[in-house]
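Keep the model open while reading.

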Amino acid sequence: ESSQVVARAAFCLCPRLATAMNSQHFELLKELVNPNYALQAEQSRNSRSAQITTLLSQRRLPDKGWDDPAIRSFLDELASFDTNNFMGNVGVGEREGRVISALVRERHFGLAHGIGRSGDVMAEQPKAAGSSVIVHLTRYLSLDAIRIAGIKAAKACCVLPTATGLTMTLVLLAQRQLRPAGKYVVWSRIDQKSCFKAIGAAGLTPVVVELKPVEGTDALGTDVAGIRRAVESVGAENVLCICTTTSTFAPRVPDSVDEVAVLAKTLDVPHIINNAYGLQCSKCAHLVEQGCRTGRVDAFIQSTDKNFLVPVGGAIVAAPHPRLTDKISEIYPGRASLSPLLDLFITLLSLGASGWKKLLDERKANAAWFQERLGSIAEKQGLRLLKVPANRISFAVDLTPLAKSAEGDEAGEVDHLTFLGSALFTRRVSGPRVVLCAMPSAAPPEQPEPDGAGEKLKVKGRYCKTVDGTKFQSYGAHTDVYSSCYLTAACAIGAEREDLEAFLARFESVLHDYRKGAGRKDKESSSKARDKEKVLKETGGT
């Protein structure tokens, strides 16, 4: 019994050890089993070794994805290169890769040292040769995946264990070291909080450039001339960078990254692209590629979870030259977690080039199918799909006719449309967004702020929101005034046709319930209760 306890304790303290067989071992095996059997085993082992040789020499995605046993075997072997997994190793430092839980150790394959050193997050660690190999291979595989997606101008990248918003902050901080006089970020408006808050977190001042309608469509696009005016208004030498966005909720479309890149080159101002989930879309990838080739792009950032279907927590910063990516690695304070990189490394090996291309092709086909089906259902319900041809991921249904047809509602009263979003959520549909907008015929309703509220106080008002001290009207719509209230839904990478079919059926069911009065009755009851409470307060409760 005591020996079993010792064995269990040893397992908790030691990971699986790599047991690679070399040619001498197979020669010795021939003395134990039929030589032909030993030869077959050696050939099988050599085929696995050939995969690793190809990976280490070519440093790109394998043509065909590896199977799980091959990946696990490779990771076990790499883990054996880290000092905490050395046989007989004695660690007397404050950080020796000690992991008390066997389950945690197994989850991380015994890779406990993290990545980087205090001077550079991408630097090699003397104690963690295996982990360092994973970091560098992940960079190579990520760069190859970016090129396969269509951005062949990408020449350098770093993979960070931070989500897109914080990664944007790190990029801005690194850019600030390269351009110390820069204190403004000229930002083409997108109503998504993290990218905007990243600017304030870096201690910079945003200069918001509103979007403009795209002629002949319902879309909102880049005001390139407005960006030029914004840069000139504060002085190009004081602008840290221009920040544009590719992937976005409809009716906004990807920024005219190619045109802005030419402008940035002309004005000699850095240009950072938020390409959060644009890597999966050939339209977005093409814009970034053109921007890199014809103008100035200093870096573009993409999320690992939104593009590669891994857990949240990582981002890839890529660029046509390494100056900024190297600086980002240098300013990262201390070591970092390997987990997001390990997830990406395993996934890229598993997918291979063929699997990655298949995912991209499937998403593109699904998006075309989904757009047609959603438009058909909208028309059947007396609604319409907003015309936003340049957005190939997100689609929007105009809900305004529902508000206008609601019996007894005052003109412009649209609050009850939010029922559609909540009803879909209770039907286990996640992702759709209902956006209420101030209509062009009337100014957006707003209540005044209390005296002495200060910039950080949340601005009151039905369609108004304050983000990091900046007030936005009709927040969520990417513009102060828009002609429709709408619901958005996306066809992103990894979405299955079966899931999209289920959403469409449930969306129709929710619309049916809404037309029967669901949502509005609850809103009316709540409104009457608030009115009664207000009257009681004003009359002293009599």
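## Helix packing

The model discussed here is predicted. In it, the axes of H14 and helix H17 (residues 497–515) cross at roughly 15 degrees and come within 11 Å. H14 and H17 are therefore roughly parallel to each other. Their crossing is right-handed.

H14, which spans residues 339–380, also meets helix H4 (residues 68–79). Here the axes come within 10 Å, and the crossing angle is roughly 140 degrees. Roughly antiparallel needs an angle over 145 degrees. H4 and H14 are therefore oblique to each other. H4 passes H14 in a right-handed crossing.

## Salt bridges across loops

How many salt bridges does a search of the whole structure find? The total is 20.

Arg296 counts as partly exposed, at 21% relative accessibility. The cut-off for buried is under 20% relative accessible area. Asp268 is also partly exposed, with a value of 48%. Asp268 has a further spatial relation, to Glu237. The two are 31 residues apart in sequence, while their C-alpha atoms are 8.5 Å apart in space.

## Other salt bridges

Arg384 pairs with Asp398 in another salt bridge, with 3.5 Å between the closest N and O atoms. This pair links distant parts of the chain: Arg384 belongs to strand E10 (residues 384–385) and Asp398 to strand E11 (residues 394–398), 14 residues apart. Are the two partners buried or exposed? Arg384 is partly exposed, at 36% relative accessible area. Asp398 is buried, at 7%.

Arg60 forms a salt bridge with Asp63. The closest N and O atoms are 3.2 Å apart. Arg60 counts as partly exposed at 31% relative accessibility. Asp63 counts as exposed at 53%. Elsewhere, a network of salt bridges links Arg189, Asp191, Glu210 and Asp480.

Most residues other than glycine have a negative phi, and most peptide bonds are trans. His478 has a positive phi of about 70 degrees, although His478 is not a glycine. Phe109 lies in the loop between helix H5 (102–107) and helix H6 (129–149). His478 lies in the loop between strand E14 (470–473) and strand E15 (486–490). Phe109 is buried, with a relative accessible area of 13%. His478 counts as buried too, at 0% relative accessibility.

The model also has a cis peptide bond, which joins Ala250 and Pro251. Omega is about 10 degrees there. Pro251 is placed in the loop between strand E6 (239–245) and H10.

## A nonpolar surface patch

Which residues form a nonpolar patch on the surface? They are Leu32, Val33 and Tyr37. Together they have about 350 Å² of accessible area.

Tyr37 belongs to helix H3 (residues 35–58). The cut-off for exposed is over 50% relative accessible area. Tyr37, at 55% relative accessibility, therefore counts as exposed.

Methods
Residues are numbered from 1 along each chain as its sequence is written. This is a predicted model: local features need pLDDT of at least 70, side-chain atom pairs count only at pLDDT 80 or more; totals for chains, interfaces and linings use all residues. Side-chain values use heavy atoms; hydrogens and water are left out. Patches are made of residues with over 30% relative accessible area and no salt bridge: like charges are joined within 9 Å, nonpolar side chains (Val, Leu, Ile, Met, Phe, Trp, Tyr) within 5 Å. Accessible areas come from the Shrake-Rupley method with a 1.4 Å probe; for residues, only the protein chains shown count as cover. A salt bridge is a side-chain nitrogen of Lys or Arg within 4 Å of a carboxyl oxygen of Asp or Glu. Helices (H or I, at least four residues) and strands (E, at least two) are DSSP runs, numbered from the N terminus. Buried means under 20% relative accessible area, exposed over 50%, partly exposed in between (1.4 Å probe, protein chains only). Axes are lines fitted to C-alpha atoms, for helices over the stretch in contact, and angles run from 0 to 180 degrees between N-to-C directions. Angles under 35 degrees count as roughly parallel, over 145 as roughly antiparallel, 65 to 115 as roughly perpendicular and the rest as oblique. A crossing is left-handed if the near helix is turned anticlockwise from the far one by less than a right angle, and right-handed if clockwise.
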